[in-house]
Every structure is written in C-alpha cells, then in structure tokens.
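Work through the exercises below with the sequence and the model at hand. Each task is followed by a solution in steps.

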Amino acid sequence: MKLLEGRTGLIVGIANDRSYAWYIAQALLEAGARCAFTHLPGEKNERRTRRALEELGLKDPWLVPMDASKDEDLDAAFGRYAESFEKMNFLVHSIAFADREWLAPGKFVETPRGAYLSAVDVSAYTLVGMCRRARPMLARGAASGGAAVMAMSYYGGEKVVPGYNVMGVAKAALECSARYLAWELGAEGIRVNVISGGYLRTLASSAVGGVSEMEEAVPKRAPLRRNVEGADVGRTAVYLASDLSSGVSGETIYVDCGVNTVGL
Ligand SMILES: NC(=O)c1ccc[n+]([C@@H]2O[C@H](COP(=O)([O-])OP(=O)(O)OC[C@H]3O[C@@H](n4cnc5c(N)ncnc54)[C@H](O)[C@@H]3O)[C@@H](O)[C@H]2O)c1
C-alpha cells in the first residue's frame with residue numbers, strides 16, 4: 001500500500017508545471033493521494049493550470065476557480081470541496097503575491113500601504129482564511145488518515161534578502177500564522193507546518209529583483225553545492241502529509257540544500 005493511499009486533499013497554487021505546487025502534487029499523487037485543485041480565475045489561468053495537470057496525467061481533474069483575496073471565492077471553493085469530498089487529509093497553501101514594483105533592492109522603504117497590505121493579505125492571511133473554512137473537513141481527515149496543512153515560505157521572511165522586501169514581511173506573517181494555527185487546530189489532531197523552500201525559477205520568483213544572482217550564489221555556498229529542485233520540496237510534502245511526520249506541527253522545515261545554515 002502506498003504511503004498516502006486513501007487520503008484526499010486540496011492543493012492551491014499550481015500556475016504551471018514549474019510551480020512548487022506542481023511538484024508537490026506530483027509527489028503526493030505518486031504516493032497514492034487523491035488531489036483536488038484551484039486555479040486563479042480567468043480563462044488563461046484556467047488553461048495554464050489544466051495543461052499543467054494534464055502533464056501529471058490528470059485528464060479530468062477536480063478544479064475550481066479561487067481568488068484567495070476574495071472571501072466569496074474562498075467560501076465557494078471550500079463549499080464545493082465539501083460537497084464533493086467528505087474529508088480533507090491535506091491542504092497545500094502555495095500562493096504569494098506582491099506588486100513587483102516594490103520587489104527590488106532599495107525599494108522597501110517606498111512600499112505604499114496598499115502594496116504592503118495586499119502582499120500580507122494574499123501571501124499570509126489567506127492561510128488563516130483557508131484553515132477556518134477547511135477546519136471541519138480537516139477534523140474529519142484527522143479522524144480518518146490524518147490532517148496536515150502545509151504552506152510555502154522562504155528564508156527572506158527571517159533574514160534580509162535585499163529585493164525580497166515586503167514579501168519577506170508577508171513570509172514572517174505566514175510562518176507565525178502557521179504556528180498559531182498549529183496550536184489552535186492541534187487540539188483536533190490537525191497539524192500545520194511550513195516548508196521554507198530554496199530559490200526555484202518560477203513565475204512568482206521572477207518578480208523578485210536580484211534573483212539571478214541568488215541562483216548563482218547558492219551552489220557556491222550551500223552544503224549540498226546546488227540549487228534546490230522542485231522534487232526536493234515534493235518529497236518533503238509527502239513526509240508532511242503522511243504519518244512519517246505524525247508528531248511534527250508548528251515547524252518551519254528548510255528544504256534549501258542547507259543554505260540557511262551558512263553564515264558567510
Ligand atoms: N520560487 C521560489 O524561489 C520560492 C522559494 C520559496 C518559497 N516560494 C513560495 O512558493 C509558493 C509558490 O510560488 P512559486 O514559486 O511556485 O510560483 P508560482 O508563480 O508558480 O505560484 C504562485 C501561485 O500563487 C497564485 N496566486 C497569486 N495570487 C493569488 C490569489 N489572489 N489567489 C489565489 N492564488 C494566487 C498564482 O496563481 C500561482 O499559482 C509561494 O508562496 C512562494 O512565495 C517560492
């Protein structure tokens with residue numbers, strides 16, 4: 001029997017086949033999980049996500065639109081999930097947004113209120129909004145195979161990475177939100193963890209100024225002497241969604257080839 005057989009959950013954040021969420025889906029599917037998905041509203045976005053899911057062998061996926069910054073979209077998507085599935089064993093939050101205009105070295109001090117608030121809203125608050133709506137389904141999941149929430153973060157939420165700017169503030173809020181959620185939902189057997197992934201070339205990361213330097217610097221500095229691959233994060237997602245991590249909650253787990261451990 002595969003590790004995640006009999007488990008069902010929702011994956012939020014597949015834009016294309018380079019998204020971290022795509023690699024997570026690939027690994028969870030390989031481990032036997034049944035996965036449902038959302039896409040950002042809009043025909044082009046839907047087409048892109050469908051194409052990425054086809055590459056995972058999913059011809060007729062469970063896929064609904066959801067702009068996570070809109071309460072009515074969250075209500076509709078989680079409501080439809082509840083109509084289709086009786087439980088949720090895992091919830092993957094792999095979304096972030098900040099206006100790229102403010103994601104360049106030297107621009108943090110210029111960040112307008114609206115850009116700051118929308119970055120924290122989409123990239124951090126949405127984890128709280130999703131967990132609240134998923135709570136009864138996750139509780140049923142906890143009683144039948146386990147319940148694991150996981151969110152994607154980056155080291156720039158902890159230390160200054162010039163150019164990451166307001167996204168770093170949002171990641172700090174995300175990681176702290178995950179700890180509070182872990183404490184409150186843990187009473188129901190729901191685990192909440194964060195994966196702090198290394199740099200991966202994606203749509204979202206291409207919005208951050210100075211990232212190509214990072215891509216070159218990591219293999220020189222990281223203990224594993226390479227950049228992270230999506231599959232590294234996918235395998236950690238399987239660990240977090242499975243009983244292998246049954247005693248792990250409220251943690252931020254680095255999957256970055258160890259680069260966060262190096263001071264110079
Ligand atoms: N790529 C990296 O180097 C890296 C490193 C560490 C962490 N992360 C994090 O991984 C996660 C996924 O990003 P990615 O790098 O795979 O890029 P990506 O562009 O493939 O994924 C970002 C996703 O966020 C979604 N999104 C944005 N605004 C949304 C909204 N309002 N409602 C719903 N969805 C919305 C997009 O549709 C997209 O699917 C993000 O949280 C990102 O910060 C990325």
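**Exercise 1.** How many bridges join strand S4 to S5, and do the two run parallel or antiparallel?

*Solution.* The model is predicted, so local features need pLDDT of at least 70 and side-chain atom pairs count only at pLDDT 80 or more, while totals for chains, interfaces and linings use all residues. Residues are numbered from 1 along each chain as its sequence is written.

Step 1. Locate S4 at residues 90–93 and count its bridges to S5: there are four, and the strands run parallel. Strands pair if DSSP finds at least two bridges between them. Helices (H or I, at least four residues) and strands (E, at least two) are DSSP runs, numbered from the N terminus.

Step 2. Take His93 as an example; its bridge partner in S5 is Ala151.

**Exercise 2.** Determine whether S5 is buried or exposed, and which way its residues point.

*Solution.* Step 1. Apply the cut-offs: a residue is buried if 20 or more other C-beta atoms lie within 10 Å of its own, exposed if 12 or fewer, and partly exposed in between, with C-beta atoms placed from the backbone.

Step 2. Sort by direction. Ala147, Val149, Ala151 and Ser153 point one way, and Ala148, Met150 and Met152 the other.

Step 3. Seven of the seven residues of S5 are buried, so the strand is largely enclosed by the rest of the structure. For the chain, buried residues make up 47% of the 264 residues.

**Exercise 3.** Describe the largest nonpolar core and the contacts of Ala237.

*Solution.* Step 1. A nonpolar core is a set of buried Ala, Val, Leu, Ile, Met, Phe, Trp, Tyr and Cys residues joined through C-beta atoms within 7 Å. The largest one has 83 residues, and Ile11, Ile24, Leu28, Ala170 and Ala237 have the most contacts inside it. Helix H4 (residues 113–143) gives the largest share, 10 residues.

Step 2. List the contacts (C-beta atoms, placed from the backbone, within 7 Å). Not counting residues up to four places away in sequence, Ala237 touches Ile24, Ala27, Leu28, Val92, Met150 and Ile195.

**Exercise 4.** Which residues come nearest to the ligand?

*Solution.* Step 1. The ligand has 26 residues around it, of which Ser19, Met152, Thr202, Leu203 and Ala204 come nearest; a residue is near if its C-beta atom, placed from the backbone, lies within 6 Å.

Step 2. Assign elements: helix H1 (20–30) and strand S5 (147–153) each supply at least two residues of this shell.

Note on methods:
Two residues are in contact if their C-beta atoms, placed from the backbone, lie within 7 Å.
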